[in-house]
Amino acid sequence: MGDKTGIQWTEATWNPVAGCTVVSPGCTNCYAMKDAARIVRMGGKGAKKYVGLTRDSKGGPVWTGDIRIADDDTFAMPLRWRRPRGIFVNSMSDLFHTDVPFVVAARVWWVIGQCAGFLDPSRTRGHRFQILTKRSARMAEFLAGWANTEIRRGWIENLYEQGRGEVFDWMNGPAYWPDVFPNLTIGFSAENQERFDARWADLRHLAGTGWTIMVSVEPCLGSIRLPPDFLALGHRGWVIVGGESGPKARLMPEHCVLPILHQCRDAGVPFYLKQLGTAMAAVLGLRHPKGGEPAEWPEDLRVREFPGMAR
Ligand code: SF4
């Protein structure tokens, strides 16, 4: 976790929460649970946070279901980072896991809001935060609470009572901040059409609210027809596609990528192909083990766009 990441579509990761449970077929080879076990095996400073979050099984490490909320120092990380960067929030968990209280998500929103300069312009950091979930219904519930002044105040007061108030200021505090943050892209992961449809059903009402909304189709396990109201997001949408990586990676069906790319192109939605995946890299004999080197792809697949920059 921290100032460097191998995830090509972002620049840093920030993990206020660690630990998770599998929730859908896209989780089967969850990289985070393997990574958590690897960090513990390596020992050292970073290991403590992940001890007890995974256990060994015949098929390798699996989540125990325990969730750990990070220390204050971790929560403050983005405020310490002076150079503006893309920050993927919770690469080692799901912020909207049922065992993560909404007050923790409110604390994450609080840090992101401070980085937007809402509390104190001198604390503005030019970061761009990205939050993905597979628990879209809970994300929707949190956002509805955040948009409700009374509920939001309750969460913020709770933080204040816990001594997490820091530079709390009622007049400029989070209770008065906008519902939609300009420095935050929210969204969901969807491995196939069924999961896309279910998760978009939870979040589609946000399309007209001003949020930039991303979907990560990784691991891509089937083709996806993007619905008109998602495509209508245009440059406020973002689609990332990736084949699975790792020793047990499932093959990304060959016919998936181009149709998604074409749908995005036609609608002006930014598209980002992250990687073809370990299995396809082996089939094609690519040098990059995850098929993540665009120079090795057919030319029409070499598309790596970010929100606001679709052709
Ligand atoms: S939701 Fe994400 S972090 Fe949690 S098990 Fe699934 S892939 Fe892993």
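# Briefing: a parallel sheet, its helices and a ligand shell

Asparagine 90 is buried, because 26 other C-beta atoms lie within 10 Å. A residue is buried if 20 or more other C-beta atoms lie within 10 Å of its own, exposed if 12 or fewer, and partly exposed in between, with C-beta atoms placed from the backbone. This is a predicted model: local features need pLDDT of at least 70, side-chain atom pairs count only at pLDDT 80 or more, and totals for chains, interfaces and linings use all residues. Residues are numbered from 1 along each chain as its sequence is written.

**The sheet**

- An open sheet is formed by 7 strands in the order S1-S6-S7-S8-S9-S10-S11, and the pairing is parallel.
- Strand S1 (12–14) and strand S11 (271–275) stand at the edges with a single partner strand each, so one side of each has no neighbour in the sheet.
- On average, neighbouring strands of this sheet are turned by 25° against each other, direction ignored.
- Axes here are lines fitted to C-alpha atoms, for helices over the stretch in contact, and angles run from 0 to 180 degrees between N-to-C directions.
- Two strands pair if DSSP finds at least two bridges between them.
- Helices (H or I, at least four residues) and strands (E, at least two) are DSSP runs, numbered from the N terminus.

- In strand S7, 6 of the 6 residues are buried, so S7 is largely enclosed by the rest of the structure.
- Both faces are covered: Arg128, Gln130 and Leu132 are buried on one side, and Phe129, Ile131 and Thr133 on the other.
- Strand S6 (residues 86–89) runs parallel to S7 and is joined to it by 4 bridges.
- In that pair, valine 89 stands opposite isoleucine 131 in S7.
- From S6 the chain passes through helix H4 (residues 102–115) to S7, a right-handed β-α-β crossover.
- Right-handed means that, with the strands pointing away from the viewer, the path from the first strand over the helix to the second runs clockwise.
- S7 (residues 128–133) also pairs with S8 (residues 184–189), in the parallel sense over 5 bridges.
- Phenylalanine 129 stands opposite leucine 184 in S8, and isoleucine 131 opposite isoleucine 186 in S8.

**Helix H9**

- Helix H9 (residues 257–267) has Val257, Ile260 and Cys264 as its buried residues.
- Seen down the axis of H9, these buried residues fall within an arc of 75°, so they line one face of the helix.
- The arc is that of the directions from the helix axis to the C-beta atoms.
- Exposed residues His262 and Asp266 sit on the face of H9 turned away from its buried side.
- Leucine 261 is also found in H9, and counts as partly exposed with 19 C-beta neighbours inside 10 Å.

**Loops**

- Asparagine 90 lies in the loop between S6 and H4.
- Its phi is near 65°, a positive value in a residue other than glycine.
- Proline 219 is found in the loop between strand S9 (212–217) and helix H8 (228–231).
- The peptide bond from glutamate 218 to proline 219 is cis, with omega near 0°.

**The ligand shell**

- Around the ligand are Cys20, Val22, Val23, Cys27, Cys30, Ala32, Ser93, Asp94 and Lys134.
- A residue counts as near a molecule if its C-beta atom, placed from the backbone, lies within 6 Å of it.
- The shell divides into 6 nonpolar, 1 polar and 2 charged residues.
- Ala, Val, Leu, Ile, Met, Phe, Trp, Tyr, Cys and Pro count as nonpolar, Asp, Glu, Lys and Arg as charged, and the others, Gly among them, as polar.
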